[in-house]
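Trainee: I am new to this structure. Please take me through the terms as we go.

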Amino acid sequence: KEAGARVTKTSIMLGLGETPAEIQGALEALRAHDVDVVTFGQYMRPSRKHMPVVEYISPEGFQHWQRVAESMGFRYVASGPMVRSSYRAGELYLKGMIESDKA
């Protein structure tokens with residue numbers, strides 16, 4: 001944002017063996033740096049040459065991290081097994097901003 005970015009966004013892939021404390025710490029660091037948007041997705045092993053999946057995250061697990069991130073003040077959160085960093089980004093961000101403005 002110091003360089004003039006109006007919105008900052010990042011993605012966290014789950015299922016690589018991360019702990020809840022590591023995810024929480026990452027979210028806290030992101031908020032400390034005023035990141036606006038975060039997405040959570042399931043890591044999927046692209047080939048046998050890549051790291052294996054350690055855990056498949058349940059739908060409830062994705063819902064949990066969405067609630068946590070929203071409660072921390074992220075302006076938009078997308079969380080689910082098929083979510084990727086660009087997951088319907090423009091459409092969903094605008095929808096979120098409209099809903100936020102109505103509140």
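Trainee: Which residues touch the most other members of the largest nonpolar core?

Mentor: Leu14, Leu27, Val38, Phe40 and Phe74 do, in a core of 15 residues. Keep in mind that this is a predicted model, where local features need pLDDT of at least 70, side-chain atom pairs count only at pLDDT 80 or more, and totals for chains, interfaces and linings use all residues. Residues are numbered from 1 along each chain as its sequence is written, and side-chain values use heavy atoms, with hydrogens and water left out.

Trainee: What makes a set of residues a nonpolar core?

Mentor: The members are buried Ala, Val, Leu, Ile, Met, Phe, Trp, Tyr and Cys residues, joined through side-chain atoms within 4.5 Å. Buried means under 20% relative accessible area, exposed over 50%, and partly exposed in between, with a 1.4 Å probe and protein chains only. By that cut-off, 33% of the 103 residues of the protein count as buried.

Trainee: Which residues of helix 2 are buried, and what puts them on the same side?

Mentor: The buried ones are Gly61, Phe62, Trp65, Val68 and Ala69. They cover an arc of only 125 degrees around the axis, so they lie on the same side of helix 2. That arc is taken from the directions from the helix axis to the C-beta atoms. Pro59, Glu60 and Ser71 are exposed, on the face turned away from the buried side.

Trainee: Why is strand 2 called mostly covered?

Mentor: Six of its six residues are buried. Val37, Thr39 and Gly41 point one way, and Val38, Phe40 and Gln42 the other.

Trainee: What makes strand 1 and strand 2 a pair?

Mentor: Two strands pair if DSSP finds at least two bridges between them. Strand 1 and strand 2 have six, in the parallel sense. In one of these, Leu14 has Gln42 of strand 2 as its bridge partner.

Terms used:
Helices (H or I, at least four residues) and strands (E, at least two) are DSSP runs, numbered from the N terminus.
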